[in-house]
Amino acid sequence: MTDPDDDLIPSVFARDCLSRDVLGDVTGRWGGLALAALHEGSFRFNALRRKVDGVSEKMLAQTLQALERDGLVRREVQATIPPRVEYSLTELGERVAAKFVELIELVEGEIKTMRAAQRAYDELR
């Protein structure tokens, strides 16, 4: 049996396209930061939570679940007492995170220019 989604041409601009949901997970407030942090390596949950300053335990758990469902994050439970859970990026997650890190670096590198634009804009309002 074929999946009806197999015949669809992905377009993030189409309301019902699955790529829009995944893009939302990746570019959401916490999704992008989680991906960028995991781009540095594997993290246990609490270490990742400390890295992504300001995220609540609940929001990080939901974000990681969504990214895992999208095939971007791997959750590995190690059979220890207590159980040890580590999060890392899949191969696809590495590729997506690398692009996101490029965007972060661009924004961080141009923040003075953007801040000046914000001040100029605010003065006109």
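**View 1. Surroundings of T63 in the predicted model.** Once neighbours within four places in sequence are set aside, T63 is in contact with W30, G31 and A34. The model shown in this and the following views is a predicted one. T63 belongs to helix α4, and because its relative accessibility is 10%, below the 20% under which a residue is called buried, T63 counts as buried.

**View 2. Packing of helix α2 against helix α4.** Two packed helices are described by the angle between their axes and the distance between the axes. For α2 and α4, the axes come within 10 Å and cross at roughly 75 degrees, and the two helices are therefore roughly perpendicular to each other. On the α2 side the contact is made by G31, A34, L35 and L38, which meet T63, L64 and L67 in α4. Sorted by class, the residues of this contact between α2 and α4 comprise five nonpolar and two polar ones, with no charged residue.

**View 3. Packing of helix α2 against helix α5.** Helix α2, which spans residues 31-38, packs against helix α5, residues 91-109, at an angle of about 105 degrees, and the axes of the two are 9 Å apart. It follows that α2 and α5 are, therefore, roughly perpendicular to each other. The residues that meet are G32, L33, L35 and A36 from α2, and V96, A97, F100, V101 and I104 from α5. The contact of α2 with α5 is made up of eight nonpolar residues and one polar residue, and no charged residue takes part.

**View 4. A36 and the burial of helix α2.** A36 lies in helix α2, and with a relative accessibility of 14%, which is under the 20% limit, A36 therefore counts as buried. Apart from neighbours within four places in sequence, the residues in contact with A36 are V101 and I104. A36 and V101 stand 65 residues apart in sequence, while their C-alpha atoms are 5.8 Å apart in space. Helix α2 as a whole is mostly covered, with seven of its eight residues buried, and these buried residues are G31, G32, A34, L35, A36, A37 and L38.

View 5. E40 is placed in the loop between α2 and β1, the latter covering residues 43-44. Because its relative accessibility is 56%, over the 50% limit, E40 counts as exposed. E40 and S88 are 48 residues apart along the chain, and a separation of 9.3 Å is found between their C-alpha atoms.

**View 6. The cis peptide bond at P82.** The peptide bond that runs from I81 to P82 is cis, with an omega near -10 degrees. P82 itself is found in the loop that lies between β2 (73-78) and β3 (84-89).

**View 7. The second largest pocket and its lining.** Rolling a probe the size of a water molecule over the atoms shows where empty space is left. The second largest pocket holds about 150 Å³ of space, and its lining is formed by L18, D21, V22, D25, A66, R69 and D70. Two or more of these lining residues come from each of the elements α1 (18-27) and α4 (57-69), and α1 gives the most, with four residues. In terms of residue class, the lining of the second largest pocket contains three nonpolar and four charged residues, and no polar ones.

Terms used: Residues are numbered from 1 along each chain as its sequence is written. This is a predicted model: local features need pLDDT of at least 70, side-chain atom pairs count only at pLDDT 80 or more; totals for chains, interfaces and linings use all residues. Side-chain values use heavy atoms; hydrogens and water are left out. Axes are lines fitted to C-alpha atoms, for helices over the stretch in contact, and angles run from 0 to 180 degrees between N-to-C directions. Angles under 35 degrees count as roughly parallel, over 145 as roughly antiparallel, 65 to 115 as roughly perpendicular and the rest as oblique. Contact means heavy atoms within 4.5 Å. Ala, Val, Leu, Ile, Met, Phe, Trp, Tyr, Cys and Pro count as nonpolar, Asp, Glu, Lys and Arg as charged, and the others, Gly among them, as polar. On a 1 Å grid over the protein atoms alone, a cavity is a set of points where a 1.4 Å probe fits but cannot get out, and a pocket is an open set with protein on both sides within 12 Å along at least five of seven lines; lining residues have an atom within 4 Å of a point. Grid points are joined across faces, edges and corners, and a volume is the space filled by probe spheres set on the points. Buried means under 20% relative accessible area, exposed over 50%, partly exposed in between (1.4 Å probe, protein chains only).
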